Amino acid sequence: MKRFFQPVPKDGSPAKKRPAASASSDSDSLGGDAPALSPAAAACAIGEGDSPPAPREEEPRRFVTWNANSLLLRMKSDWPAFCQFVSRVDPDVICVQEVRMPAAGSKGAPKNPGQLKDDTSSSRDEKQVVLRALSSPPFKDYRVWWSLSDSKYAGTAMIIKKKFEPKKVSFNLDRTSSKHEPDGRVIIAEFESFLLLNTYAPNNGWKEEENSFQRRRKWDKRMLEFVQQVDKPLIWCGDLNVSHEEIDVSHPDFFSSAKLNGYIPPNKEDCGQPGFTLSERRRFGNILSQGKLVDAYRYLHKEKDMDCGFSWSGHPIGKYRGKRMRIDYFLVSEKLKDQIVSCDIHGRGIELEGFYGSDHCPVSLELSEEVEAPKPKSSN
């Protein structure tokens, strides 16, 4: 059973018991009816000559990740329903993949991956759709960072409540460069006690000669190096384009034997559905092990859930109907695993309920506040 503690207010009075609140309620304020301590009593409480500890800066604790499969299309058709979801879950941070909005910059000129394209009539209209959507409730209380591709392909966004100010935001795995990753696949927000990494992993593809296998291997190698070198606890989320175990797909035999136009790769470990090949799954397992990372959803949900245990679903019409995979994740450093309160997949069924027009549904994570061991009371 998890226990939660609230900090004692600065006046020394006991914190009120937090009432049960709905997911969309405002943050509760702390207060107390007990009289303030006298200066002498306060000095005894903290020790003569000591300064009271500075209050720790509040940090995000509720997160959502979602592959929107074109954020612009979602804003034009499914946005009211997604806004209701955001209001209900009330995340502090929303990480989006497959934004599919082109970076600023005219044709043939250098691009600015941190800004939306607006140098043509159509791009200005599209930008206005996005800005209107993100300046209306519930998003008016958030700030957005973009990492965009040169065209309507890939791209990521990180949408953070304005009351949480990252110490630094980077767009490259080396975290020292202002340069963005190709296709806008990475955003890293650094907070006081953790790093938040949002990635859109490249698809493995079907054929060796198309260089997609090599591209994915190189990506996995870089991710392995990154997780081994981070200097703070890590929260890594996004569309990671891999299902780790058989429990993470609805039909293991179907995905293991999948082919594109009858093609069979030379190496049997590259055979099967992209995202479920043996080589990808082994590399992913190694990243988890070497990076000391915990799959937050599987940490809490040990059994296979055929109704709402998958974040990607095949098209409702055709051979992929009902075929589903869990490829969207929250991975957290082992140091954070005891703070995991919940990790939920919010879509269900083969009719894509809760997917908001995408082929992926949102996944959420909630962490508790870090609890420090109480200091022993003085005998004086």
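Begin by selecting Tyr356, which is buried, with a relative accessible area of 14% (buried means under 20% relative accessible area, exposed over 50% and partly exposed in between, with a 1.4 Å probe and protein chains only). The model on the screen is predicted, so local features need pLDDT of at least 70 and side-chain atom pairs count only at pLDDT 80 or more, while totals for chains, interfaces and linings use all residues. Residues are numbered from 1 along each chain as its sequence is written, and side-chain values use heavy atoms, with hydrogens and water left out.

Staying on Tyr356, look at its backbone: the residue lies in the loop between strand 15 and strand 16, and its phi is near 55°, a positive value in a residue other than glycine. Helices (H or I, at least four residues) and strands (E, at least two) are DSSP runs, numbered from the N terminus. As background, most residues other than glycine have a negative phi, and most peptide bonds are trans.

A search of the whole structure finds 17 aromatic pairs, where rings of Phe, Tyr and Trp (its six-membered ring) pair if their centres lie within 6.5 Å, and planes under 30 degrees apart count as stacked, over 60 as edge-to-face and the rest as tilted. Phe85 and Tyr356 make a tilted pair, because their ring centres are 5.7 Å apart and their planes stand at 45°. This pair links distant parts of the chain, 271 residues apart, with Phe85 placed in helix 3 (residues 79-89). Phe85 counts as buried, at 1% relative accessibility.

Now move to Pro137 and Pro138, which are joined by a cis peptide bond with omega about 0°; Pro138 lies in the loop between helix 4 (121-134) and strand 5 (142-147).

For a charge over a ring, select Lys323 and Phe254: the charged end of Lys323 sits over the ring of Phe254, 4.9 Å from its centre (the criterion is NZ of Lys or CZ of Arg within 6 Å of the ring centre and within 35 degrees of the ring normal). Phe254 counts as partly exposed, at 24% relative accessibility, whereas Phe255 counts as buried, at 0%. Then select Arg281, which lies over the face of Phe276, at 4.2 Å from the ring centre.

Finish at Asp183, in the loop between strand 7 (168-170) and strand 8 (186-190), where phi is near 70°, a positive value in a residue other than glycine.
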